[in-house]
Amino acid sequence: MPTIKTAIDVATSAEIVWRVLTDFNAYPHWNPFLVSIYGPPVPGQRLKIQERYPGGHPSQFTARVVKAIPATELRWRRRRVLEGIFDREQAFFIIPNGVDGVRFIQREHFSGVLASLIMPFINKKTLKAFSLMNLALKRTAEAKR
């Protein structure tokens, strides 16, 4: 299963990183990639998400929250029109990393019959978008400690 993964160390608590990650109303103010999310970060709930890749135009999709463990993990899944064609599961992990900090990991798994064909076209821009979001999350969370 193709996967894209990035990570960044954040010098603040897991609780603060979780608050920044799940405060969807604030996304337009700090998040350069996921520019808006509507819906609660609660398992089973639907989210309406607007993303913007660097240099690209915004696009919208819906996703269903799969897992939400406070200060630890947030995960959602989205599918195209037909399941099994090109499905995506995006996850965010907050892992304690020393006395005063965490490692924030952003990962997306791709599956379905078209996944390996589409990956060469989206790999680079997705890595860049994840890295930009990670850095913005780090700055925002560290400013709140």
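**View 1. Threonine 126 is a buried residue of the predicted model**. Let's start with a single side chain. Threonine 126 has a relative accessibility of 0%, and because buried means under 20%, this residue counts as buried. The stretch that carries threonine 126 is helix 3. Which residues does threonine 126 contact, once neighbours within four places in sequence are left aside? They are Ile4, Tyr53 and Glu108.

**View 2. The largest nonpolar core holds 41 residues**. Here we move on to the core. Leu21, Leu34, Leu74, Trp76 and Phe104 are the residues with the most contacts inside this core. Which element supplies the largest share of the core? That is helix 3, spanning residues 115–142, with nine residues. Helix 3 is also where you will find threonine 126 from the opening view.

**View 3. Leucine 34 and the residues it touches**. Not counting residues up to four places away in sequence, leucine 34 touches Tyr27, Ile49, Gln50 and Glu51, along with Trp76, Gln90, Phe92 and Met133.

View 4. Strand 4 provides the largest share, with six residues. What classes of residue line the largest pocket? Seven are charged, four are nonpolar and two are polar.

**View 5. Stepping back to the protein chain, with its three helices and seven strands**. Read from the N terminus, the elements follow the order β-α-α-β-β-β-β-β-β-α. The radius of gyration is 15 Å, close to the 15 Å that the globule rule gives for 145 residues, so the chain is as compact as a globular protein of that length. Along the principal axes, the C-alpha atoms fill a box of roughly 45 × 30 × 25 Å. Of the 145 residues, 46% are buried. Among contacts with a separation of 6 or more, 52% join residues 24 or more positions apart.

Technical notes: Residues numbered from 1 in each chain as written. Predicted model: local features only at pLDDT ≥ 70, side-chain atom pairs only at ≥ 80, totals over all residues. Heavy atoms only, no water. Core = buried A, V, L, I, M, F, W, Y, C linked by side-chain atoms within 4.5 Å. Buried < 20%, exposed > 50% of the residue type's maximum accessible area, 1.4 Å probe, protein only. Helix = DSSP H or I, 4+ residues; strand = E, 2+ residues; numbered from the N terminus. Contact = heavy atoms within 4.5 Å. Nonpolar A, V, L, I, M, F, W, Y, C, P; charged D, E, K, R; others polar. Rg over C-alpha atoms; globule rule 2.2 N^0.38 Å.
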